Amino acid sequence: MASESSRYAEFHAEFEALLEYAIALLDAQAGHKVQNARENYGEKIFGKSVCHAISLKRILPNPIDSKDSEIWDISSAYTLSRTILESYEALAYVAVAGISEEELECRILAWKLHAQERRHKMLSLIGSKDPRIAEIEKDMQALRELVLDNKFDQFLPPNVRGKITKDECPPYLVPRNIRLKAANVNAEYFTAALMHLSSHVHAHPFSLHQLFDFKAGTPEAYGLMKIAGQYACGFLAVSIREMSSLFSPRIPDPTADVRETLENWCELLQRGVRFA
């Protein structure tokens, strides 16, 4: 029976190969001028995911030369993995969603409104006297009027419309379970992954109690670090799948191993672990 450290080494090699391909996919877009909003947002969000994955690789223990005395940063590993999940959520929402251009326009306008509202709220909380606040408020009003235009009525449920009129525009106009279903990702798997990763991001009792028993080099430590990396692997894989569609034909050929990894993770995320 394989040891936890050997299973970790196998995962680590898979993650490295997947990340290498993601970087190659992003590099293949160099010199290409984006043609529309989907490409513009897609390239930026995918680039964000790849950067997080690069940072995660630097944090994950190297199975070849790791030492029991070194520090294994489990909290940062889980934080970076969560950002990859959330980046995929954004990617699926605006870049590759199977929606009309009119609905896409509504989502992007709402995103811009949400961004300005957050900026305004943060400045208000610190009592800022920045003269640009008046300009931000003007932009908020203009964006709010655009989002609430009658032509977008079908994309704004009453509860969402109500929030927008109260200066509380949500980042997503569609519930998560509906968005994930449209993206062929199991909502229960996503939620469970997000909860697990978030417990370390927010220093919940669950994660703190794990830290009490965490010691670099132990089978339990390898297992916890592998979990963070595997969640990242899965959502990096589905991100690659989506961007391969958006970036076509500027797609480098994956190796047979990487192709198999992509297929396996995409299948698992679609069905969820409950049915595995």
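So, Glu 101 is exposed, with a relative accessible area of 53%. Keep in mind that this is a predicted model. Its partner is Arg 38, and their side chains meet in a salt bridge, 3.2 Å from N to O. Arg 38 is buried, at 12% relative accessible area. Glu 101 sits in helix α4 and Arg 38 in helix α2, residues 37–59, so this pair ties together parts that are 63 residues apart in sequence.

Okay, how many salt bridges does the structure hold? There are 15. Arg 144 is in helix α5, residues 133–147, and Glu 117 is in α4, so here the parts tied together are 27 residues apart in sequence. Both of these residues, Arg 144 and Glu 117, are buried.

Now α3. Glu 86 and Arg 82 form a salt bridge, again with 3.2 Å between the closest N and O atoms. Both lie in α3, four residues apart, about one turn of the helix. Arg 82 is buried at 17%, while Glu 86 counts as partly exposed at 30%. As for the helix itself, 17 of the 21 residues of α3 are buried, so the rest of the structure largely encloses it.

Technical notes. Residues are numbered from 1 along each chain as its sequence is written. This is a predicted model: local features need pLDDT of at least 70, side-chain atom pairs count only at pLDDT 80 or more; totals for chains, interfaces and linings use all residues. Side-chain values use heavy atoms; hydrogens and water are left out. Buried means under 20% relative accessible area, exposed over 50%, partly exposed in between (1.4 Å probe, protein chains only). Helices (H or I, at least four residues) and strands (E, at least two) are DSSP runs, numbered from the N terminus. A salt bridge is a side-chain nitrogen of Lys or Arg within 4 Å of a carboxyl oxygen of Asp or Glu.
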